[in-house]
Amino acid sequence: MDSPFWVYLIGFAGMGIYGVRILIQWYLSEKSHSVESPGIYWILSSIGAVILYVYGWLRKDFSIIFGESVGYYIYMWNIGVMGLYKKVPRIVIIVQALFPVLILALIAKDFHSFVDTFLQNEDVPLGLLLFGVLGQFTYEMRTVYQLVYSYKRHRSILPLGHWVLGVVGSVMIIAYGIVRHDWVLAIGQFSIVFTVRNLMISIAESRREGRKDDVEEVG
């Protein structure tokens with residue numbers, strides 16, 4: 001289950017970027033007393049996803065690659081809907097869009113080796129792998145929920161359901177990381193603290209809007 005120290009450094013770099021993104025988002029939300037969805041959150045999400053793709057590959061951990069694949073293009077959608085790609089060179093956007101395709105191409109190139117290395121890894125029993133995949137799936141489904149919610153409103157929003165799925169998924173990933181002896185995953189989910197806080201802000205915001213609607217109906 002152990003990997004060279006430099007591999008863990010790559011993982012911590014990716015998780016660090018993920019941590020910075022939610023720290024900024026949380027700070028802005030506390031400041032405005034409502035859940036914010038700043039552009040920098042999605043930009044850092046994209047950068048962190050690329051790094052964690054590499055980390056997952058080096059760790060031979062399919063659950064990480066799977067998890068990053070779920071949210072990758074949703075990050076790009078949020079960046080696009082906010083108009084942040086307008087000043088970015090087209091080649092950068094193309095490379096970003098093709099990165100997961102490159103990973104899939106590497107997998108397809110030697111699929112049997114991929115199955116032996118990633119899906120039949122002696123260090124990760126099938127039951128544990130499936131639990132890890134389920135944790136990543138639950139965690140990343142928050143971005144799918146966010147996409148559907150935001151798409152209907154034609155703008156980037158981080159709704160209540162996003163944070164609920166985030167908390168549940170984080171707990172599962174922490175458990176998987178501890179059993180897998182992957183301290184990058186376990187420690188990297190320290191952001192659950194800010195996820196819980198965003199959940200609380202979101203609930204308070206929903207209650208305020210509910211009271212506002214009641215007042216308007218009475219009026």
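Trainee: At what angle do α6 and α7 pack, and how far apart are their axes?

Mentor: α6 and α7 pack at about 160 degrees, and their axes are 8 Å apart. That makes α6 roughly antiparallel to α7. Angles over 145 degrees count as roughly antiparallel, those under 35 as roughly parallel, 65 to 115 as roughly perpendicular, and the rest as oblique. The axes are lines fitted to C-alpha atoms, for helices over the stretch in contact, and the angles run from 0 to 180 degrees between N-to-C directions.

Trainee: Before we go on, what kind of model is this?

Mentor: This is a predicted model, in which local features need pLDDT of at least 70 and side-chain atom pairs count only at pLDDT 80 or more, while totals for chains, interfaces and linings use all residues. Residues are numbered from 1 along each chain as its sequence is written, and side-chain values use heavy atoms, with hydrogens and water left out.

Trainee: And what counts as a helix?

Mentor: A helix is a DSSP run of H or I with at least four residues, a strand is a run of E with at least two, and both are numbered from the N terminus.

Trainee: Back to the pair. Is the crossing of α6 and α7 left-handed or right-handed?

Mentor: Left-handed. The contact of α6 with α7 has 14 nonpolar, 11 polar and two charged residues. Nonpolar covers Ala, Val, Leu, Ile, Met, Phe, Trp, Tyr, Cys and Pro; charged covers Asp, Glu, Lys and Arg; the others, Gly among them, are polar. As for the handedness, a crossing is left-handed if the near helix is turned anticlockwise from the far one by less than a right angle, and right-handed if clockwise.

Trainee: How many residues does α6 have?

Mentor: α6 covers residues 126–153, which is 28 residues, and reaches 40 Å from its first C-alpha to its last, close to the 40 Å expected at 1.5 Å a residue. The expected span is 1.5 Å times one less than the number of residues.

Trainee: Where is the kink in α6 centred?

Mentor: On Glu-140, with an angle of about 25 degrees. The bend at a residue is the angle between axes fitted to the seven residues ending there and the seven starting there.

Trainee: What comes just after α6?

Mentor: His-154, which takes a positive phi of about 60 degrees, although it is not a glycine. Most residues other than glycine have a negative phi. His-154 sits in the loop between α6 and α7 and is exposed, at 66% relative accessible area. Exposed means over 50%, buried under 20%, and partly exposed in between, using a 1.4 Å probe and protein chains only.

Trainee: Now α7. Which of its residues are buried?

Mentor: Among them are Trp-163, Met-172, Ile-173, Tyr-176 and Arg-180, as well as the glycines Gly-161, Gly-166, Gly-169 and Gly-177. The 21 residues of α7 should span 30 Å, and its end C-alpha atoms are 30 Å apart, which agrees.

Trainee: And what takes a positive phi just after α7?

Mentor: His-181, at about 60 degrees. His-181 is not a glycine either. The residue lies in the loop between α7 and α8, where it counts as partly exposed at 40% relative accessibility.

Trainee: Other end of the chain: how do α1 and α2 pack?

Mentor: α1 (residues 5–32) and α2 (residues 39–58) pack at about 160 degrees, with their axes 8 Å apart. The two are therefore roughly antiparallel, and their crossing is left-handed. Their contact divides into 21 nonpolar residues, five polar and one charged.

Trainee: What about α2 and α3?

Mentor: The axes of α2 and α3 (residues 62–81) come within 9 Å and cross at roughly 160 degrees. They are therefore roughly antiparallel, and α2 passes α3 in a left-handed crossing.

Trainee: Which helix holds Tyr-73?

Mentor: Tyr-73 lies in α3 and is partly exposed, with a relative accessible area of 40%. From Tyr-73 to Ile-174 is 101 residues in sequence and 24 Å in space, C-alpha to C-alpha.

Trainee: Last one: where is Arg-197 found?

Mentor: Arg-197 is in α9, residues 192–218, and counts as partly exposed at 30% relative accessibility. Arg-197 and Val-35 are 162 residues apart along the chain, with 9.9 Å between their C-alpha atoms.
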